[in-house]
Amino acid sequence: MNAHGHVRIAVSSALLAGLVFGPVAGATAAPPVGTASAVAVPNSEGPDVAALEKALTGIPDGDISAALVRVGGKGSWTGVAGVRDLRTGAPALEHARFRAGSTTKVVTAALVLQLVAEGRVELDAPVTRYLPGLLPDSFTEPPTVRHLLTYTSGLRPGANLGSTTEEMYPHRFRTLSPERVVATAVAKGPAFDPGERQVYQNIDYTVLGLLIEKVTGDRYEHRAEARIFRPLGMRHTSFPVGPDPRVHGPHHRAYTDIGGRTTDVTEWNMSDRWAVGNMISTTADLERFLVALFRGRVVPQPLLDQMLTVPDAEGATYGMALERFVHNGTEIWGKTGSRPGYHTVLAATRDLSRTVVYSVNAKSAREDGFPLIARFALPAFNR
């Protein structure tokens, strides 16, 4: 460590070439060499810096090619490790853009609650008030807006392009419209009565995206930009235009295993994820959003309180978009996001004494995310 608190770790080319990644689809250049760096602001009440620095050690490895971690609150810390491209070995970028996955749901929930605050939507009104004709007669009791926000609607999942990354990969440039996803979902009829239990799924927030467009008469993406991204100064957050499969601006390549081979999955049409998981952002922008949200600057405080309330339903752990959990006696509200090759987390204590946002490029991004959460997020809340 030098006098400025930077740590840099060289990773051997032999390790990367022979033992870790194996062949990258289409790769011809020399194997990469990675570095890790971290910057901390000393604070006796700050995060567990030693654990965070340890989390970055050894990247790239057999799973993770790059990691960006940003911690705020009482004491701050930022860390970056790995490479942005396995072909070139160029070091990872602190301000890289990434696919933020289902953290998009927090933006969608905030947009709906803004419309509630304006009196244009009622939380306990049936969704059919705003989307007439949405549900067939098999829905004798239509879910309310609140049910959709809290994953208690009873809707079934809609059409998809595969359940695993390997299944989806051949269809990665196809378009599946939100309308088609919802139509195939409601055609199946309800899975259970609204409010009976909580089942985390995408379909509820796909419907909410349609509701936002119907009520505002505008595209969901433009409403997110006009109401949240632009006012908060989230200059590097956006949605792809239609089926555009690219991540524009500085970003890291994403990889996963397809047929036992390390494959670049950066270019991917995510339009079917739309209001559920199609956002592209940076750790700094997501931190900005999270802090503004918890300070009541995005939705009014009384509605924020409702957003951070777990419903009385079987197995419930989520409020509206965000999930509640406890670590070392500390209550944390957070949301994960995963897309092929990208795993994202945003989380905070209610009083903002600690926040953490990370983006990790991992082959395991769409598998059980807890090992990544335990490695890159939980150390921020150790004390």
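**Exercise 1. Find which residues Leu 304 touches beyond four places in sequence, and state whether Leu 304 is buried or exposed.**

Solution. Residues up to four places away in sequence are not counted; Leu 304 then touches Leu 293, Phe 294, Gly 296, Val 299 and Arg 350. Contact here means heavy atoms within 4.5 Å. This is a predicted model, in which local features need pLDDT of at least 70, side-chain atom pairs count only at pLDDT 80 or more, and totals for chains, interfaces and linings use all residues. Residues are numbered from 1 along each chain as its sequence is written, and side-chain values use heavy atoms, with hydrogens and water left out.

Helices (H or I, at least four residues) and strands (E, at least two) are DSSP runs, numbered from the N terminus. Leu 304 counts as buried because its relative accessibility is 0%; buried means under 20% relative accessible area, exposed over 50%, and partly exposed in between (1.4 Å probe, protein chains only). Finally, Leu 304 and Leu 113 are 8.4 Å apart in space, C-alpha to C-alpha, and 191 residues apart in sequence.

**Exercise 2. Describe the largest nonpolar core and name its residues with the most contacts inside it.**

Solution. A nonpolar core is a set of buried Ala, Val, Leu, Ile, Met, Phe, Trp, Tyr and Cys residues joined through side-chain atoms within 4.5 Å. The largest one has 82 residues, and Leu 149, Ile 228 and Leu 293 have the most contacts inside it. Helix H3 (residues 104–117) gives the largest share of this core, nine residues. Now take Ile 228: not counting residues up to four places away in sequence, Ile 228 touches Val 107, Ala 110, Leu 111, Gln 114, Arg 223, Met 234, Phe 289 and Val 298. Another core, of 24 residues, lies apart from the largest one and has Leu 56, Ala 347, Leu 372 and Ala 377 among them.

**Exercise 3. Classify the aromatic pair of Tyr 151 and Tyr 200, and explain what the pair ties together.**

Solution. Rings of Phe, Tyr and Trp (its six-membered ring) pair if their centres lie within 6.5 Å; planes under 30 degrees apart count as stacked, over 60 as edge-to-face and the rest as tilted. By this rule there are nine aromatic pairs. The rings of Tyr 151 and Tyr 200 are 4.8 Å apart centre to centre with 55° between the planes, a tilted pair. Tyr 151 lies in the loop between helix H4 (145–149) and helix H5 (165–168), and Tyr 200 in the loop between helix H6 (178–186) and H7, so the pair ties together parts that are 49 residues apart in sequence. Tyr 151 is buried, at 1% relative accessibility, whereas Tyr 200 is partly exposed, at 33%. Tyr 151, Tyr 200, Tyr 205 and Tyr 318 form one aromatic cluster.
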